[in-house]
There are 2 protein chains.
Amino acid sequence: MRDQADLDTLSAKVQDYLKAIWTATEWDGDPITTAGLAEHFGTTMATVSSAMRRLAAAGLVEYRPYKPVRLTRTGAEHAMAMVRRHRLLETYLAEQLGYEWTQVHDEAELLEHAVSDLFIARIDDLLGHPEFDPHGDAIDPSKGSADAEPLRVASVGDYRVLRVSDAQVDVLSALGDMGVRPQAHVRVSDTTPVVLQTAKGVFTLSEAEAEAVWVLAAHPKRGGGSSAHGGSGSGNAGSLGGRRSPRR
Amino acid sequence: MRDQADLDTLSAKVQDYLKAIWTATEWDGDPITTAGLAEHFGTTMATVSSAMRRLAAAGLVEYRPYKPVRLTRTGAEHAMAMVRRHRLLETYLAEQLGYEWTQVHDEAELLEHAVSDLFIARIDDLLGHPEFDPHGDAIDPSKGSADAEPLRVASVGDYRVLRVSDAQVDVLSALGDMGVRPQAHVRVSDTTPVVLQTAKGVFTLSEAEAEAVWVLAAHPKRGGGSSAHGGSGSGNAGSLGGRRSPRR
DNA sequence: TAACAATATTTGGCTAGACTAACTTTCGTG
DNA sequence: CACGAAAGTTAGTCTAGCCAAATATTGTTA
């Protein structure tokens, strides 16, 4: 019964739990439930429950039965370290090994537990220290896109795609075919359901699709801060100008 | 209790055991003992014993208590698949990510259990389907160098280095500093202990060092059974000619 | 061949991680 | 507010790995 986790000595499963708990709150505030974790891992709630007790005993989460679980400082640090590895690996797989953006997640999920820090450092160098992964997520997980909103709640108008959630591969695949990628310019011409104009045509999005795309309003005439968002992957859409705007 | 192993469903530990058992007999005939496996993994004989019972139950090894363990056909196939992954990964780490030849083994040891077949296929393409890993071992493990001999038993004369065992990192490191790498030409000027001339100077080898280097006699004027051995790694030694000949 | 040393296995005990089944708490709704 | 459904936990069991200690086998050598 370690009090403070030995850092580095965490099992792959424990790392997965931490990452899942952290990721759940990155884009929507609600902490993840036991059922949510069970579904995410394709396991039972019983398994998750006992895992939470172990994580709590290791000082990685705050947990009392029937209450929502929250990461401790230590737990969050581990989680973010794993998230960074994961996203860097995704970027590497896409850019150097020619993986499709629908394929990178699963491979990175396995690699992130296996590769050494040296490996991570080497691919980071090789890639030139990228800021964003193939889905548009910030590789340094402390730099979230504060003012992004999902297409599901967007009103009619022009937007720039910031990220596409990779939670569901089929959704990701469909959106990719529509030309919905980070940095692409899109126009919402109707809502509920969302009707989207992209470089590839006009599409009516399903709930899940509209939920997966996070955008920033395009206000082409106004100046602001900026952000490079170094378009990863091959075919990047978006021919219009304005890539400015404050990013925290 | 599965009868026939589910293929692909083997745990990392099981894969490690199979690989270790296979590797033990690649360069010297004696099958590995329980004690040998225990030492190799830094574990106890008790652990190995029970693991052997499990492997036998899964149909991967033939095993009766107090008798030496042998791989079944299935077990050997799995083992060779793992060996191939391992050596391809080593080559990849050395050539693409700039790892030293003393560093590749440990990283590959972890990666080989994590990467997908797709990953392996991609790096194989990227590397142009190499034949030999950084230590000179055949990446396709069914193609051993039948007529190689260790320097320990070599008589005075000229040789070409075929492989350097990576079993002990310090030995590997020392040999690397002496310029002893696959394809290097060396001259044995004395035996017991072995005195070796290389491009970098003259060195007296320790037992372990002489044991780790496998060579082929250089008979510069005669065509004989030898190999292409497409020099992996960066700095390749050996200025003399002769790279001809069939390899089975 | 008897005895000892070396080698190997069994026994019993531990943790992580998983499951099912039974039980408990919480939440939503009439 | 009370009651049923949903969510969560506990209890009991299993396997893979790991270990130390006790036991068994094999091999060597006087």
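The model is predicted: local features need pLDDT of at least 70 and side-chain atom pairs count only at pLDDT 80 or more, whereas totals for chains, interfaces and linings use all residues. Residues are numbered from 1 along each chain as its sequence is written, with chains lettered from A and ligands numbered from 1 in the order in which they are written.

DNA strand C is surrounded by 20 residues, of which S11(A), K13(A), A46(A), A35(B) and A46(B) are the closest (a residue is near a strand if its C-beta atom, placed from the backbone, lies within 6 Å of it). Helix 1 (12–24) and helix 3 of chain A, with helix 2 (34–41) and helix 3 of chain B, each supply at least two residues of this surface; helices (H or I, at least four residues) and strands (E, at least two) are DSSP runs numbered from the N terminus. Helix 3 of chain B provides the largest share, five residues. The surface near DNA strand C comprises nine nonpolar, eight polar and three charged residues.

Around DNA strand D lie 19 residues, and T33(A), A35(A), A46(A), S11(B) and A46(B) come nearest. Here at least two residues each are supplied by helix 2 (34–41) and helix 3 (45–57) of chain A and by helix 1 (12–24) and helix 3 (45–57) of chain B. The surface near DNA strand D divides into eight nonpolar, nine polar and two charged residues. In this classification, Ala, Val, Leu, Ile, Met, Phe, Trp, Tyr, Cys and Pro count as nonpolar, Asp, Glu, Lys and Arg as charged, and the others, Gly among them, as polar.

Chain A is divided into domain 1 (1–144) and domain 2 (145–248), with bounds from an automatic or database domain assignment. Their contact takes 15 residues from domain 1 of chain A and 16 residues from domain 2 of chain A. On the domain 1 side, helix 4 (residues 73–96) of chain A gives the most, with three residues.

Definitions and conventions:
Two residues are in contact if their C-beta atoms, placed from the backbone, lie within 7 Å.
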